[in-house]
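Please look over the chain shown below with its helices, its cores and its charged contacts in mind. The briefing that follows is arranged by topic.

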Amino acid sequence: MFGDVGHGSLLLLLALFLIKNEEKMGKEKLDDIVGMVFGGRYVLLLNAVFAIYVGFIYNEAFAVPLGLFGSSWIRPDETSSSSFAQWEGYVVPFGIDPAWHRASNKMTFFNSYKMKVAIVFGVAQMTLGISLSLLNHIE
């Protein structure tokens, strides 16, 4: 899965189309690939929802920064003698500050951030799975 609002929205449209036409498509003989996609329509729906959510965290749509809340950093213009950005004194309320998209260490930061997010989501998913397995075992 990838975190991007734009790509997640397109995937959401595909999943909703498949779910809306579930009765009609379920009766037809589908090709191998189309049949597999149709069989996983609810998985596609969940992937799309979480891709949109993580896309808002990454602050990206079609790999372009969204900047919904603006940046908390002011970058000096070309005429300024200062080469450093100045902090405005507030934190972006949700997601990554768009100023990171213009930073010189952009790739290092984003790779590190995305790896940490993936680990957090993975640990949470594994914990949920083990907890549900324990509940099934107890009952």
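Is lysine 114 buried or exposed, or does lysine 114 fall in between? Lysine 114 is partly exposed, because its relative accessible area is 30%, where buried means under 20% relative accessible area, exposed over 50% and partly exposed in between, computed with a 1.4 Å probe on protein chains only. This is a predicted model, in which local features need pLDDT of at least 70 and side-chain atom pairs count only at pLDDT 80 or more, while totals for chains, interfaces and linings use all residues. Residues are numbered from 1 along each chain as its sequence is written, and side-chain values use heavy atoms, with hydrogens and water left out.

**Surroundings of lysine 114**
- Lysine 114 is found in helix H5, residues 106-138; helices (H or I, at least four residues) and strands (E, at least two) are DSSP runs, numbered from the N terminus.
- Not counting residues up to four places away in sequence, lysine 114 touches Tyr58 and Glu60, a contact being heavy atoms within 4.5 Å.
- The C-alpha atoms of lysine 114 and phenylalanine 56 are separated by 13 Å, although the two residues are 58 residues apart along the chain.

**Helix H1**
- Helix H1 covers residues 5-20, and its 16 residues reach 22 Å from first C-alpha to last, close to the 22 Å expected at 1.5 Å a residue, the expected span being 1.5 Å times one less than the number of residues.
- Aspartate 4 caps the N-terminal end of H1, with a side-chain oxygen 3.0 Å from the backbone nitrogen of glycine 6.
- Val5, Gly6, Gly8, Leu11, Ala15 and Leu18 are the buried residues of H1, and they pack against helices H2 (22-27), H3 (32-39) and H4 (41-58) as well as strand S1 (60-61).

- H4 has 18 residues and reaches 25 Å from its first C-alpha to its last, which is close to the 26 Å expected at 1.5 Å a residue.
- The buried residues of H4 include Arg41, Leu44, Ala48 and Tyr58, and what covers the buried residues of H4 includes H1, H2, H3, S1 and H5.
- A search of the whole structure finds one salt bridge, that is, a side-chain nitrogen of Lys or Arg within 4 Å of a carboxyl oxygen of Asp or Glu.
- Arginine 41 forms a salt bridge with glutamate 22, the closest N and O atoms being 2.8 Å apart; arginine 41 lies in helix H4 and glutamate 22 in helix H2, so the pair ties together parts that are 19 residues apart in sequence.
- Arginine 41 is buried at a relative accessible area of 11%, whereas glutamate 22 counts as partly exposed at 26%.

**Nonpolar cores**
- The largest nonpolar core has eight residues, namely Leu11, Ala15, Leu18, Met25, Leu30, Phe38, Leu44 and Ala48; such a core is a set of buried Ala, Val, Leu, Ile, Met, Phe, Trp, Tyr and Cys residues joined through side-chain atoms within 4.5 Å.
- H1 and H4 each supply at least two residues of this core, and the largest share, three residues, comes from H1.
- A second, separate core of six residues includes Val54, Ile96, Phe110 and Val117.

**Asparagine 59**
- Asparagine 59 is found in the loop between H4 and S1, where, just after H4, asparagine 59 takes a positive phi of about 65°.
- Asparagine 59 is buried, with a relative accessible area of 4%, and a polar atom of its side chain lies 2.9 Å from the backbone oxygen of isoleucine 96.

Terms used:
Polar contact = N/O pair within 3.5 Å; in protein donor to acceptor, adjacent residues only side chain to side chain.
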